Each structure stands twice: as C-alpha cells, then as structure tokens.
Amino acid sequence: MTSLTEQAALPPANPAPPLPVTGWNAGAALVTWLLSIGAILLASIGAQLGWTTWFYLQRATLPTQADLTASRSLTLTLVLSTFVAHGITLLWCWQLIRRTSPHGLRVALGLDWYRPFWSRRGAFLLACGFAAPLFLAVGAWLERYLPNAKTDLDRILAQGPAIRVAIACVAALSAPLVEEVVYRGVIFGGLQRRLGLRPTVVLVSLLFLAVHIPQYWGGWAGLAMLALLSLTLTVLRAATGSILPSVVLHYAFNGIQAIAIVFCWELLETSLSTTP
C-alpha cells in the first residue's frame with residue numbers, strides 16, 4: 001500500500017492530452033485567417049493580370065469577357081497560382097509561430113506527438129488515414145437524401161484534363177498541410193486561449209466550412225459531408241493536442257479525391273449529370 005503523500009505524487013491514470021503552448025493570441029489568429037483568404041485573392045489577381053499581359057502581347061488586344069470565360073489557359077493559371085498563395089500563408093504562419101512561441105514550432109503544433117511511429121499513437125495516425133474513405137461513403141449516402149447539383153468546382157473540372165491534374169495536385173500536395181496549419185494550428189491555438197476548448201472547436205469547424213462554401217455551393221450533400229469532416233478534424237486536434245492526426249486524415253481524404261478526379265472523371269461526371 002502507498003501512503004497518502006505517495007498517492008498524491010502519482011500521475012493520474014489517464015491524463016488529458018496537453019494542449020501545445022501557443023504564444024499568439026486570438027487577434028493573430030483572425031489576422032492569419034484573413035491573410036490566408038487574401039493571399040488566394042491576391043495570387044489570383046496577379047495571375048489574371050499576368051495572363052492578360054501575355055494575351056495582349058500575343059494578339060495586340062485586350063481579352064474580352066468571352067475570352068476570359070472560355071480560356072482554359074487562364075483557368076489553369078489561376079489554379080496554379082494557389083501554390084503561390086499557399087507558400088505565402090505558410091511563410092506567415094512559420095514567422096508568427098517562431099516569433100511568439102518560446103518552445104518553437106514542434107511544440108506549438110504538436111509535431112512530435114507520435115514518436116516513435118511504431119506505437120499506439122503511430123497506429124492511431126494510420127487509422128486516421130484509413131478512416132478517410134468513410135467520409136466519402138457518407139457523402140455518397142447523403143446524395144440519396146440531399147440535392148447535389150453541379151457546383152462551380154465541377155464546372156471548372158469539366159474544362160479539361162490539364163486543369164483536373166492541376167487541381168488534383170493542389171488538393172493532394174499543399175492544401176491539406178496549409179489548411180491544417182492555419183485552421184487547426186494557428187487559428188485553433190489563438191482562439192483556444194481566448195474562448196476555451198469547446199467554443200473553439202465549433203468556431204474553427206465553421207470557419208473551415210465557410211471558406212469552402214462558394215466552390216461547393218449547390219452541392220448540399222457534399223457540403224454536409226465537408227461539415228462532418230471539418231468537425232472531425234478539429235475534434236482530433238482538440239483531443240490529441242497535435243495537428244498531425246488532422247493532417248494525416250486530410251491528406252488521405254484529399255488524396256483519394258485527387259486520384260478520382262484524374263483517373264475516374266468520366267464516371268464522376270456521369271454520376272453528377274444524373275443527380276437531381
């Protein structure tokens with residue numbers, strides 16, 4: 001038997017996962033959210049100006065509205081400009097965390113959460129990856145009950161294989177990392193200090209969903225599935241104190257979609273055309 005003093009010194013049997021130490025506040029979180037949106041807008045404006053200059057040099061005239069609407073090269077340029085926006089956003093987040101967090105990036109974002117890989121935490125990360133198809137299955141099930149018309153994203157994807165490959169590359173390479181660092185990293189960390197855990201989970205989930213609404217507008221089944229995914233990603237962040245589980249699930253989810261867009265587009269397009 002142990003004395004009362006020894007029992008008090010013992011750690012709890014199931015300690016709650018510690019939240020990473022964050023040095024930035026809710027104001028910095030809001031600025032980061034606005035910057036992530038603004039970077040995409042500014043990158044797209046720069047891409048359009050560059051494309052317009054190229055068009056003028058080629059034809060000695062400015063493009064008409066019909067040229068802008070029908071041009072696949074402009075669409076491709078706009079899609080690829082997303083990489084520039086993501087680079088700017090990541091650089092901002094890195095500088096913010098480096099300057100405000102005394103324990104550095106790894107502790108602030110929980111990047112050393114799973115070491116070593118062959119452990120319970122490593123197995124949990126692997127399970128997060130394998131869970132991604134469940135969300136796609138939920139989306140397919142919701143299509144039976146919710147309208148899922150063609151969205152702006154679907155119409156962009158229909159413009160050609162080069163555009164589909166470009167969108168797939170953005171979705172599978174940079175988007176999961178950038179979005180998790182921004183939403184489940186910087187925004188979550190800053191808001192949690194001000195609002196507490198549960199309000200932060202709700203607000204971060206809604207902010208993530210909100211920025212995706214324009215491109216998925218009209219596809220209500222897809223939006224409902226995205227809302228569920230957003231909530232799950234944020235709950236994972238809150239429960240583990242790390243963005244790694246969210247990053248793994250997000251990469252797996254986007255990766256499956258990217259493969260489907262590139263290699264199974266005809267089947268997807270047929271499914272969309274038969275959806276009321």
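**Close-up views of a predicted model**

**View 1. Surroundings of Trp 24.** Leaving aside residues up to four places away in sequence, Trp 24 is in contact (heavy atoms within 4.5 Å) with Leu 96, Ile 97, Thr 100, Ser 101, Ala 108, Gly 185, Val 186, Gly 189, Gly 190 and Arg 193. The model is predicted, with local features needing pLDDT of at least 70 and side-chain atom pairs counting only at pLDDT 80 or more, whereas totals for chains, interfaces and linings use all residues. Residues are numbered from 1 along each chain as its sequence is written, and side-chain values use heavy atoms, with hydrogens and water left out.

**View 2. The largest nonpolar core.** In this set of 39 residues, defined as buried (under 20% relative accessible area, 1.4 Å probe, protein chains only) Ala, Val, Leu, Ile, Met, Phe, Trp, Tyr and Cys residues joined through side-chain atoms within 4.5 Å, the members touching the most others are Trp 24, Tyr 183, Ile 187, Leu 229 and Leu 249. Among the elements (DSSP runs, where a helix is H or I with at least four residues, numbered from the N terminus) that give two or more residues to this core are helix H2 (26-59), helix H4 (72-100) and helix H8 (161-195). A second, separate core of 9 residues includes Leu 153, Leu 157, Ala 166 and Ile 261.

**View 3. Helix H2.** The 34 residues of H2 reach 49 Å from first C-alpha to last, close to the 50 Å expected at 1.5 Å times one less than the number of residues. Its buried residues, including Trp 33, Trp 51 and Phe 55, pack against helix H3 (65-70), H4, H8 and H9.

Methods
Buried < 20%, exposed > 50% of the residue type's maximum accessible area, 1.4 Å probe, protein only.
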